[in-house]
Amino acid sequence: MNILNKLSPQFKEFLQEEGIDEEIFLFEQTLRYVRIKPDYQITFEQLQQQVSFSMQPIHEIPKLYSLPANQKINNLQLYKNGHLYGIDKSSAAVVYSLDINKDDINVLEICCAPGAKLTFIADLLRVETEKDGIQRKVFGVDISQNRLNITQSIVNKYKLEKYVELILQDGTKYKNQIQFDKVLIDAECTHEGSIKHLKKYIQKPMHEQNSKKQQKNNKASKKQLQKNYTNTYTTEQTKANEWTEEDFNSRFLDQKKLQQIYDLQFSLLENGYKLLKQNGILIYSTCSFSQKQNEDQIIKFLEQNNDAILVHPFYGMQEQQCKSGQIFNTVRFDPKVSNTGGMFIAKIKKL
Ligand SMILES: C[S@@+](CC[C@H](N)C(=O)[O-])C[C@H]1O[C@@H](n2cnc3c(N)ncnc32)[C@H](O)[C@@H]1O
């Protein structure tokens with residue numbers, strides 16, 4: 001489906017303003033991805049025997065596999081037993097770029113919900129702890145109670161409670177005495193990289209998006225939010241997988257809201273960096289294609305922080321997996337090139 005023809009001229013204006021190539025939206029993702037718990041012993045042949053469809057290992061990221069995009073995983077025994085997770089390859093690459101290893105004791109993820117990356121980090125920490133008995137933890141901060149509830153249920157399902165601490169807070173204000181070994185800021189963004197969501201939005205007739213019940217829900221959660229966190233942009237007013245017309249317009253067409261997102265991203269980056277220890281690594285990622293939300297934020301941040309340097313997120317990923325961002329040492333998972341949802345990744349080291 002050519003979704004470009006269905007999107008408003010204002011949305012196209014947004015793409016132009018943000019330096020986003022329209023062509024990206026013509027791409028149809030044909031694969032989805034799953035990962036197996038790092039210490040679950042199963043060979044590729046055994047795995048293939050347990051499922052009725054074809055899987056392919058993604059060699060760069062251990063225990064990550066591709067499968068056809070329309071393949072359901074909920075009825076797989078491996079999924080029900082908590083050995084298999086659904087995660088996009090670009091999201092798995094964000095965690096891979098953190099390079100979690102035995103020296104990482106405390107890790108922080110700001111904007112952690114619903115927890116695809118957080119649970120991956122927790123799994124990797126658990127493996128190290130089970131080797132040497134040293135307790136490790138990932139602290140997950142998010143501003144949305146609803147989304148943190150989902151995160152908690154995933155953490156419980158995969159029995160990761162000992163390795164995760166969830167915190168309901170504005171990530172721009174979060175403080176802790178701990179200086180973290182690694183910090184991930186998977187920043188709130190316009191999410192237009194999520195073509196799946198864009199498609200859902202334009203496929204739904206307008207009256208369905210604006211049902212009375214939904215409008216009521218939106219109003220209620222908005223009120224709750226304003227009570228707790230004023231002047232903060234969040235996705236709280238929409239349910240996890242739904243985009244209302246109001247939400248869509250405010251993401252892309254409202255200049256004031258856009259500016260709030262840019263400001264929020266930069267403040268999250270600044271606060272995350274404050275909480276990072278010397279020689280620590282911070283990853284900044286978004287699922288937007290926008291230069292303003294990605295490269296421009298990094299350039300501004302480096303200009304203001306002399307002790308921060310950009311390092312390549314991971315070596316060895318081939319060009320067909322991801323391509324360079326607009327500045328040296330950043331990468332972009334462009335859906336067309338990588339058969340993933342969109343993702344930008346920058347890796348910053350604190351000297
Ligand atoms: C891209 S999603 C994160 C996805 C998540 N990292 C994962 O991999 O499952 C962005 C998240 O940022 C959260 N958020 C928005 N504003 C925030 C703020 N000021 N502080 C903390 N979290 C915020 C949203 O509630 C949302 O859960």
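Two strands pair if DSSP finds at least two bridges between them. In this predicted model, five bridges join strand 1 (residues 31-36) to strand 3 (residues 64-68). These two strands run antiparallel. Within that pairing, Tyr33 has Ser66 of strand 3 as its bridge partner.

Strand 1 also pairs with strand 4, again in the antiparallel sense, over three bridges. Pro57 has Tyr65 in strand 3 as its bridge partner. Strands 2 and 3 form a hairpin with six residues between them. In its turn, Lys63 has a positive phi of about 65°.

Put together, the four strands make an open sheet in the order 2-3-1-4, with antiparallel pairing. Strand 2 (56-57) and strand 4 (84-86) are the edges, each pairing on one side only.

## The nonpolar cores

Nonpolar side chains tend to be buried together in soluble globular proteins. The largest nonpolar core here has 66 residues. Those with the most contacts inside it are Ala92, Ile121, Val138, Ile185, Leu282 and Tyr284. Helix 5 (residues 116-132) gives the largest share, seven residues. The core draws at least three residues from each of domain 1 (7-27 + 88-351) and domain 2 (31-86).

What does Leu282 contact, leaving aside its neighbours within four places in sequence? Its partners are Val183, Ile185, Gly272, Tyr273, Leu276 and Ile348. A second, separate core has five residues, including Leu7, Phe14, Phe248 and Phe252.

Helix 10 spans residues 245-252. Its residues Phe248, Arg251 and Phe252 are buried. They cover an arc of only 75° around the axis, so they sit on the same side of helix 10. An α-helix has 3.6 residues a turn, so residues three or four places apart point the same way.

Helix 12 (residues 295-304) buries Gln297, Ile298 and Phe301. Seen down the helix axis, the buried residues fall within an arc of 95°, so they line one face. What covers the buried residues of helix 12? The cover includes helix 11 (255-274), strand 9 (276-286) and strand 10 (308-311). Strand 12 (330-333) and strand 13 (343-350) also take part.

## The annotated binding site

An unreviewed UniProt entry places the feature "binding site" at Asp142, Asp170 and Asp186. These residues span 45 residues in sequence. Yet no two of their C-alpha atoms are more than 13.6 Å apart, so they gather at one spot.

Asp170 lies in the loop between strand 7 (164-168) and strand 8 (180-186). Is Asp170 buried or partly exposed? It counts as partly exposed, because it has 19 C-beta neighbours inside 10 Å, and a buried residue needs 20 or more.

Asp186 is found in strand 8. With 25 C-beta neighbours inside 10 Å, Asp186 counts as buried. Not counting residues up to four places away in sequence, Asp186 touches Val94, Glu109, Cys111, Lys117 and Ser285.

Note on methods:
Residues are numbered from 1 along each chain as its sequence is written. This is a predicted model: local features need pLDDT of at least 70, side-chain atom pairs count only at pLDDT 80 or more; totals for chains, interfaces and linings use all residues. A residue is buried if 20 or more other C-beta atoms lie within 10 Å of its own, exposed if 12 or fewer, and partly exposed in between; C-beta atoms are placed from the backbone. The arc is that of the directions from the helix axis to the C-beta atoms. A nonpolar core is a set of buried Ala, Val, Leu, Ile, Met, Phe, Trp, Tyr and Cys residues joined through C-beta atoms within 7 Å. Domain bounds come from an automatic or database domain assignment. Two residues are in contact if their C-beta atoms, placed from the backbone, lie within 7 Å. UniProt positions are given in the numbering used here, feature names are shortened, and annotations may be inferred rather than shown by experiment.
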